[in-house]
Amino acid sequence: MRVVFALWPNPAHLYPLVPLAWALQSAGHEVRVASHPVLAESTLAVGLTPVAVGDPEIMPMGPGRPQPRSVKQRLDRITEALELTPADKEVWDVFYQFMLPSMWDFHPVGSTARDPHPVLDDLVAFARDWQPDLVLWDPCFPAGAVAARVAGAAQARLLWGLDYFASTMDRFAEAAARPGPGPEENPLVETMRPAAERYGLEIDDELLLGQWTIDPTPPGVRLPTSVRTVPTRWVPYSGQTVLPRWLHHRPERPRVALSLGLSQRMYFKGGWDHVPGLLEMVSDLDVEVVATLNADQLAGMPTLPKNVRAVDYLPLTQLLPSCSAMVHHGGMGTFASAVALRVPQLITDSDDDNGMITIEADGLEWSMATKHIESSVTARCVAGRGAGLVLDIKNLSVDAMRKQLVRVLDEPAFRQGADSLYDDLLATPSPTETVPVLEKLTRRYRA
């Protein structure tokens, strides 16, 4: 069969799908990756065929795109009307502060069916011509659902993290069922309407959330939702580099990885005030630390401790097999890689972190939370399963954090907890085992 992956153009959205795309190709299926031209080079580098859609001169901004104050005011009214629990509000905040602005790159807020939609039109034209059997689309790139329906293909969402989208739809359904006027229109519906109307389609749950959802997030961190889900195993992949010579041999001392992720540093230059404390934490220990930090993240450190090696980027699949522990920000890709490679974790998370970043440009303003729910979810999982500890970077002293790191390195129970998370991951169907499931569902849902 012919399969199109339709992606929001960020390597962090590309890399989680690579093992499944390879599995489909190995089973004899044709695979294409459709996205903005900026992702084409990265797609080629992972051995997949890119299809460039949209104007290469119009670059996506994602959550860094400021929006009119009226948009934020409307979303604030919706927040109040939904009457969310604190946990549900965390999910909603990520949805409207991060996910909606990413969708608006290619489905502009306030647009109509008659306005230009170059990415959507290019994707629909390609789908009509190539006639895919299945379209697997990124939740931040819902043009894939429209193109699939126009071409008569089966279609499903492919997650790369928590399912903020389905969770939000469930909260809207609950609010609509309560007595009273209820919230204003769901912004996901509002965002999709111009694209659907442009091609004469009716908006329904399948167009918004797929005919089913492929979820690679590890067991224990998935959000409960009402959608039909096909779980598949997270196989870590984050690109490749030439293996550094110092990684050819086992370390003489325990090796600790320190990583704060790639996505956030792509959009924000600040927010790294805790980095000096983390490096001071390891400075007096008899360990070797590999910190995958760039110049912005190291700006507050004129010199590094002697036991710290800083590298701008190194695939975790190369680094983690030699590590005894990993300190990180709690992002899903980093957490899942540590689980897959059986490494105990220390996640930087704090209940007191309620800070906001305000982005201003061209008279527009957009505020975003600095705390991401993924760090709370992954931290709870790691601590609850005994696979590591939480580093409360807002409240713990450097000495207290150092003691936590020493515990994770010295106490065998944390390695046993990491092994337990790994066993759960192995119980999830591999990408190769998922392929026959997708073949069966495609036969059922293809028009």
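A: A residue is called buried when its relative accessible area is under 20%, exposed when it is over 50%, and partly exposed in between, using a 1.4 Å probe and protein chains only. By that rule Asn-307 is buried, at 8% relative accessibility. The model is a predicted one, in which local features need pLDDT of at least 70 and side-chain atom pairs count only at pLDDT 80 or more, while totals for chains, interfaces and linings use all residues. Residues are numbered from 1 along each chain as its sequence is written, and side-chain values use heavy atoms, with hydrogens and water left out.

Asn-307 sits in the loop between strand S9 (288-292) and strand S10. Strands (E, at least two residues) and helices (H or I, at least four) are DSSP runs, numbered from the N terminus. A polar atom of the Asn-307 side chain lies 3.2 Å from the backbone oxygen of Leu-285. A polar contact is a pair of N or O atoms within 3.5 Å; within protein, one must be able to donate a hydrogen and the other to accept it, and residues adjacent in sequence count only if both atoms are side-chain atoms. With contact taken as heavy atoms within 4.5 Å, and neighbours within four places in sequence left aside, Asn-307 touches Arg-253, Val-282, Ser-283, Leu-285, Val-287, Glu-288 and Val-289.

S9 has partners on both sides. Strands count as paired if DSSP finds at least two bridges between them. S8 and S9 pair in the parallel sense over five bridges, and Ala-257 has Val-290 of S9 as its bridge partner. S9 and S10 are also parallel, over three bridges, with Val-289 opposite Val-308 in S10.

These strands belong to an open sheet of six, in the order S10-S9-S8-S11-S12-S15, with parallel pairing. S10 (308-310) and S15 (388-391) stand at the edges with a single partner strand each, so one side of each has no neighbour in the sheet. From one strand to the next the twist averages 20 degrees.

At the S15 end, four bridges join that strand to S12 (residues 345-348), and the two run parallel. Leu-346 has Leu-389 in S15 as its bridge partner. Helix H15 (residues 373-384) lies across S12 and S15, at about 150 degrees to S12. Axes here are lines fitted to C-alpha atoms, for helices over the stretch in contact, and angles run from 0 to 180 degrees between N-to-C directions.

Glu-252 is in the loop between S7 (229-231) and S8 (255-259), and it counts as exposed at 83% relative accessibility. The C-alpha atoms of Glu-252 and Val-287 are 8.9 Å apart, although 35 residues separate them along the chain. Arg-342 lies in the loop between helix H14 (332-340) and S12; it is partly exposed, with a relative accessible area of 36%. Most residues other than glycine have a negative phi. Arg-342 has a positive phi, near 60 degrees.

Elsewhere, Gln-131 has a positive phi near 55 degrees. Gln-131 occupies the loop between helix H6 (118-130) and strand S4 (134-137), and is partly exposed at 42% relative accessibility.

H4 itself (residues 69-82) has 14 residues and reaches 20 Å from its first C-alpha to its last, close to the 20 Å expected at 1.5 Å a residue; the expected span is 1.5 Å times one less than the number of residues. Its buried residues are Val-71, Arg-74, Leu-75, Ile-78, Thr-79 and Leu-82. Seen down the axis of H4 they fall within an arc of 150 degrees, so they line one face of the helix; the arc is that of the directions from the helix axis to the C-beta atoms.
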